[in-house]
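The following exercises are meant for a reader who meets this structure for the first time. Each consists of a task and a worked solution.

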Amino acid sequence: MTATQSPADCTEAPPYDPAGRPPTPAGRQSDRRLRLVGLNRIGRAFHGLAIATAAGVVALLGAVVLVLLEASGGSSARTGPAFLVGQTWDPVHNVYGALPAISGTIATSGLALLFAVPVAIGVAIFLTEFVPRRLREPIAALVDLSAAVPSVVWGFWAILVVAPFVGHSVEPVLARWTGGAGPFARPPTGFDVLSASVVLAIMVLPTISAISRSALGAVPRSQREAALSLGATRSEAAWLSVLRPARSGIVAGILLGFGRAAGEAVIVVGLIGNVYALPTSLFAQGQTIAGEILNDLNSGLPPERSALVELGLLLLVVTVLVQLAARGIVRWAEASRPRFGSDRSGRATRILREFGSGGLPPDPGPGAPAAPGRRPHPRTRPGHRRIVRRARGIAAVALTGAATTLALLPLVSVLGTAISFGGVAAVHPSFYTSELPAACPAIAQASCPIGGIGPAIQGTLLLVGLASLVAVPVGILAGVYLSEYGRGRGTSIVRLAADLLVGIPSVLIGLFVVVVLLQGAPALDNTALAGALALGVLMVPIVTRATEEALKAVPQAAREAALALGFPRHRATIRVVLPSARYGLITGIFLAVARAGGETAAVVLTAFGSPYWFAGLNHPVSSLTLVIFEQGSQSSYSNWQADAWGAALVLLVLMLGVSVAARLMARGATRPDPEA
Amino acid sequence: MSGKLNVDGLNAWYGRQQVLYDLTLDLPESGVTAVIGPSGCGKTTFLRCLNRLHDELPGARVDGRVLLDGTDVRRLEATEVRARIGMVFQKPTPFSHMSIYENVAAGPRLLGLHRREDLDRAVWASLVRAGLWEEVRDDVDALGTSLSGGQQQRLCIARAIAVEPEVLLMDEPCSALDPIATAKVERLIAELKERYTIVIVTHNLPQARRVSDRTAFFYLGKVVEFDRTSAVFDHPKEALTENYVQGRFG
């Protein structure tokens with residue numbers, strides 16, 4: 001664009017030359033032209049690169065789907081549709097049926113939503129409508145922090161805290177009340193469908209409440225004030241003016257929560273009891289799709305692996321459909337402005353028209369006696385309704401406040417547990433530099449050697465570092481494409497692909513990487529490289545979307561100002577847009593790094609884990625999450641337990657630290673621009 | 001003490017910033033009171049103190065007394081105050097998800113009116129009084145937000161009067177409307193003043209002159225002059241007022 005403009009226009013005024021060279025119009029012109037040609041070439045290259053990476057994101061989604069589809073072929077050819085209804089999983093005789101895993105997944109995620117949704121909505125309402133302004137931010141930050149706790153830490157904590165509580169205090173009581181009938185049959189153990197669902201609920205609660213909160217917060221203040229000005233109490237105002245417009249956003253949050261619960265593997269494996277059978281009772285052991293993949297993939301022979309991939313494909317379809325539904329609901333609510341309110345029958349129109357034609361006096365005039373049969377205005381009636389309204393208001397605040405307290409308990413408990421069990425190990429400097437100790441039985445506790453998690457820290461840094469090295473630039477470029485270059489259909493496809501990738505359960509990403517490596521480079525399965533690859537795949541879409549959001553927050557005027565100065569688009573992007581968006585960018589990268597650092601399922605399947613120091617990219621490697629996952633279940637060795645808790649404490653501190661830093665950064669990003 | 005609303009030594013703050021200084025005025029039972037003054041002089045805050053909506057803002061503080069029929073509004077429940085003192089906002093604020101009918105019925109429902117016939121009658125009467133009935137009679141089940149801006153504002157007036165308030169506060173009700181819609185709302189104000197004590201904040205001086213019986217001129221959070229409208233506009237006592245009403249500043 002700039003190159004076609006005649007540079008002669010610019011030379012009429014005495015030109016400014018910072019180098020102090022004498023103005024030689026002809027020479028300057030050719031200089032400028034050369035420079036512009038060069039710039040345009042770079043610009044085209046940058047544009048092409050951005051398009052290519054964006055296309056890569058779409059291709060990645062396609063690859064996940066196609067690879068899983070292809071690799072499940074063996075199993076589906078052998079079993080056919082009977083796979084869906086078969087009830088056994090027998091690698092010895094090669095008989096595979098998915099029904100127990102499917103029903104286990106539906107049961108645990110459904111129950112998890114049943115527990116989480118009322119609490120999450122209560123939290124959202126309490127925070128947007130009732131809590132004093134000063135307390136709102138800190139409490140919201142605490143609730144959001146729970147979302148930063150890695151699922152392996154929730155699972156480890158739950159084995160120690162939730163399962164015994166549910167098994168000893170909740171289930172026996174439930175069984176006694178119900179007489180052990182129907183869903184309450186079987187002896188309570190604490191490691192069953194109910195426990196797994198409770199912990200899944202704890203995990204998805206912050207997600208659902210955060211999305212609900214932003215839906216409630218998006219309703220303009222004027223709507224609340226309109227309700228208040230009619231004499232509504234605060235809770236009535238929330239009910240009247242806020243909840244219904246926010247409904248679609250809340251439903252979308254619930255759907256996304258369902259997707260996360262259905263795809264969670266680590267928590268399930270820790271708590272459900274791992275029995276491949278139909279979940280006939282709340283107290284029955286069971287299995288889910290994600291749990292079965294995590295348990296069996298590393299040890300499975302090719303026929304079983306193919307059946308596991310087919311299970312994974314089912315989970316993929318479910319999570320993709322759930323996400324499409326969530327998007328659809330929000331889009332539908334935005335696009336179709338429904339013509340009717342909640343009463344679609346047109347009743348009011350009919351009745352009121354009769355009034356109109358009946359010619360009733362519209363206005364009795366001031367001081368006129370009330371019409372016969374007309375009740376006195378309710379405001380003039382004494383008291384009891386006022387008490388009822390007040391009580392309702394207090395009840396609403398109390399209930400939502402209780403929900404918020406309940407939502408904060410797990411975070412408090414997990415922190416307290418990690419400090420009390422892992423604190424001893426974590427204060428030793430050698431804990432960070434030495435290997436795991438030799439196994440030591442609980443009886444010999446006092447003389448047990450205190451080990452360390454040096455290899456795990458090294459492994460986590462290595463895996464996340466390698467993954468970031470590739471994923472961060474790729475994600476940023478794809479995000480730049482979405483925000484700066486994208487138009488029309490191509491953009492929405494890339495965005496959809498990134499969103500769907502973000503929502504694909506990590507156990508499936510691990511499965512994808514394993515399948516690809518086993519076909520292409522079997523030697524690389526169960527190595528550090530495989531682990532980094534899986535984490536990279538997890539990170540790319542997160543960085544992409546975070547970059548897009550951060551760049552979109554840069555006011556259009558900043559771009560136009562740079563373009564008006566004659567900046568080519570790529571320079572405007574690099575020099576103006578990216579630097580202005582730096583806080584948002586760093587925040588997004590932080591969150592992606594945290595996500596990768598806290599990931600377990602994908603790492604178990606790909607990097608395998610190892611008790612030793614890093615031995616090369618083509619060897620298995622340890623990580624913080626793997627230590628917790630592996631050693632945490634070895635409850636007979638107390639020093640391993642202590643090590644795992646130390647690792648959990650370190651991981652928690654890291655994750656919460658990153659989350660707090662990201663929050664502060666995001667605040668820094670929004671402060672200087674009060675207009676936006 | 002006479003009048004419907006007596007304001008006595010009212011001060012108001014947003015955080016540390018004081019916006020109203022020691023206001024004292026008596027608003028008579030009948031007629032329209034206009035509040036005029038340059039932007040940021042506290043007109044809207046004054047209005048929002050009358051129905052205690054100011055209390056709802058974070059960091060807001062009020063001191064002094066607002067008497068409604070001789071009772072301090074701060075000693076009444078906020079819900080009762082707001083049911084007795086209705087309000088119409090600058091931008092039309094129909095509840096975005098409700099039909100015309102439901103919008104108007106929202107207030108009476110809050111107050112416990114649940115019998116269908118009573119609700120129907122209240123909604124219908126309010127729509128008639130707000131001058132909207134003829135325009136919406138064919139479809140009161142349509143969404144409130146499907147109406148034009150002027151119609152939405154009259155819907156908000158209908159919604160406010162459905163609660164049968166004694167006072168009606170209007171915060172620049174016409175500033176978002178075109179001249180024809182403005183004329184309709186002004187005609188409506190003239191009709192409604194028979195029945196309600198009306199306080200209207202406006203930037204539009206000719207409008208203040210057309211619709212009001214009394215005018216208060218605010219400047220920097222203080223009342224400079226409060227008198228019959230004709231007196232304020234034609235024979236202002238203060239030089240500041242004279243400058244403002246003649247368009248020499250503000």
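The exercises below concern a predicted model.

**Exercise 1. The make-up of chain A**

Task: Determine how many helices and strands chain A has, and what percentage of its residues is buried.

Solution. Step 1: Chain A has 26 helices and two strands. Step 2: Of the 676 residues in chain A, 48% are buried. Step 3: The contacts may then be sorted by sequence separation. Among those in chain A that link residues at least 6 apart in sequence, 78% join residues at least 24 apart.

**Exercise 2. The nonpolar cores**

Task: State how many residues the largest nonpolar core has and which residues have the most contacts inside it.

Solution. Step 1: The largest nonpolar core comprises 155 residues, and A:Val153, A:Trp154, A:Leu294 and A:Val507 have the most contacts inside it. Step 2: Helix 4 of chain A (residues 99-130) contributes the largest share of this core, namely 14 residues. Step 3: Apart from this core lies another, of 51 residues, including B:Ala160, B:Ile161, B:Ile189 and B:Val245. Step 4: The surroundings of one residue can now be examined. Leaving aside residues up to four places away in sequence, A:Val153 touches A:Val414, A:Ile628, A:Ala648, A:Leu651 and A:Leu652.

**Exercise 3. The span of a helix**

**Exercise 4. Buried or exposed?**

Task: Decide whether A:Gln323 is buried or exposed, and find which residues it touches.

Solution. Step 1: A:Gln323 lies in helix 14 of chain A (residues 302-335). Step 2: Because its relative accessible area is 9%, below the 20% cut-off, A:Gln323 is buried. Step 3: Not counting residues up to four places away in sequence, A:Gln323 touches A:Leu256, A:Asp499, A:Leu500, A:Gly503 and A:Ile504. Step 4: Among these, A:Asp499 and A:Leu500 are also buried residues of helix 18 of chain A.

**Exercise 5. The surroundings of helix 10**

Task: Find how many residues of helix 10 of chain A are buried, and what they pack against.

Solution. Step 1: Helix 10 (residues 234-243) has 10 residues, seven of which are buried, so this helix is largely enclosed by the rest of the structure. Step 2: The buried residues are A:Ser235, A:Glu236, A:Ala237, A:Ala238, A:Leu240, A:Ser241 and A:Val242. Step 3: These residues pack against helix 4, helix 8 (193-217), helix 9 (221-229) and helix 16 of chain A, together with helix 3 (100-110) of chain B.

**Exercise 6. Where the chains meet**

Task: Describe the interface of chain B and chain A by its residues, its buried area and its salt bridges.

Solution. Step 1: In chain B, 62 residues are in contact with 52 residues of chain A. Step 2: The two chains bury about 5,000 Å² between them, with 55% of it on carbon and sulfur atoms. Step 3: B:Leu110, B:Trp124 and B:Asp141 supply 15% of the area that chain B buries against chain A, more than any other three residues. Step 4: Between chain B and chain A there are five salt bridges. One joins A:Arg234 to B:Glu56, with the closest N and O atoms 3.0 Å apart.

Note on methods
Residues are numbered from 1 along each chain as its sequence is written. Chains are lettered from A and ligands numbered from 1 in the order in which they are written. This is a predicted model: local features need pLDDT of at least 70, side-chain atom pairs count only at pLDDT 80 or more; totals for chains, interfaces and linings use all residues. Side-chain values use heavy atoms; hydrogens and water are left out. A nonpolar core is a set of buried Ala, Val, Leu, Ile, Met, Phe, Trp, Tyr and Cys residues joined through side-chain atoms within 4.5 Å. Buried means under 20% relative accessible area, exposed over 50%, partly exposed in between (1.4 Å probe, protein chains only). Helices (H or I, at least four residues) and strands (E, at least two) are DSSP runs, numbered from the N terminus. Contact means heavy atoms within 4.5 Å. Buried area is the accessible area (1.4 Å probe) that two parts lose on being put together, summed over both. A salt bridge is a side-chain nitrogen of Lys or Arg within 4 Å of a carboxyl oxygen of Asp or Glu.
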